[in-house]
Amino acid sequence: MAFKTRITEMLGIAHPIVQGGMQSVGYAELASAVSNAGGLGILTALTQPDPGALRAEIERCRAMTDKPFGVNLTVFPTINAPDYKAYAQAIIDGGVKIVETAGTQAVREIWEMLKPHGVTILHKCTAVRHALSAERAGCDIISIDGFECAGHPGEDDVPGLILIPAAADKVKIPMLASGGFGDGRGLVAALSLGAEGINMGTRFCATVEAPIHDNVKQAYIDNDERGSFLIFRSLKNTARVGKNAVSEEVVRRLSVPGATFADVAELVNGKAGRELLETGDLSRGVFWAGMVQGLIHDIPTCQQLVERIIKEAQDILDQRLAGFRR
């Protein structure tokens, strides 16, 4: 059975399951596998070294799937910012019609570039107020990111069980639930709470097609729901990463009064993170990981994972929940 929601209709996908855009993970191998499985795969623009490379990756992904896929473009607050508009132009030139965005208010300049070309904007938010602001500004779909998520959960610390229905009470456009989702139970819960699909990042990292080392995939299995650290809290830029010796050291250093980013820069830089994903050496750096690690027990293909989630969700509706009716 397929679950038909506004998300599946707007994105032209079979199942309301979206793969989040992830730095150094969102390559064509993973995105095409998710799309071929009936979900929405997403390339990560800034994983590519320049806009020309992104154009090539879009073409590579298109050669690997005839299903819809999207591109993530996140606008970071940074001193040496990449040419975001050039990346956006590469997306336009590549004919991509679905873009996931996140980041600072400057992302709205990217929306202004994309919208005239018929691009559907899927924007990630960590607060209801931000979701409403994005809706007013004209984005098409909200991905509401709860405290459980990998990456940046914001500073409000509101978990999905509260954040999703709170957003659903006010947001009128379709909404994806993100943060802590990895199985059919989560899909049914998200739909029950008012979302129309789920966005999964960490769970898709633990798949056969994810272009990361098997040691990292095994770390997702070995870690449980407590297997992550919140770093950069004191810098007001909270990030959730997997538990390892490096992230533990980052937490220790930043707990010292007066500590700054410079005190941990060599531990958390992007080059170190890429090396960790490529070599499987967990001592190299930090890696993104959500609390959903506690629900990850195997490394399936994307096809197997999506099919299992849909079957689990259907069984819950037909058997477990149906059994409660009188």
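**Notebook: salt bridges and the domain contact**

Glu59 forms a salt bridge with Arg62, the closest N and O atoms being 3.1 Å apart, where a salt bridge is a side-chain nitrogen of Lys or Arg within 4 Å of a carboxyl oxygen of Asp or Glu.

I note that this is a predicted model, in which local features need pLDDT of at least 70 and side-chain atom pairs count only at pLDDT 80 or more, while totals for chains, interfaces and linings use all residues. Residues are numbered from 1 along each chain as its sequence is written, and side-chain values use heavy atoms, with hydrogens and water left out.

I then looked up Arg308 and Asp298, whose side chains meet in a salt bridge at 2.7 Å, N to O. Arg308 lies in helix H14 (residues 302-320) and Asp298 in the loop between helix H13 (270-279) and H14, so the pair ties together parts that are ten residues apart in sequence.

I turned last to the domains, which an automatic or database assignment gives as domain 1 (6-211) and domain 2 (214-291). Their contact (heavy atoms within 4.5 Å) takes 19 residues from domain 1 and 15 residues from domain 2. I find one salt bridge counted between domain 1 and domain 2, and I also recorded that Arg233 forms a salt bridge with Asp157, with the closest N and O atoms 2.7 Å apart.

Conventions
Helix = DSSP H or I, 4+ residues; strand = E, 2+ residues; numbered from the N terminus.
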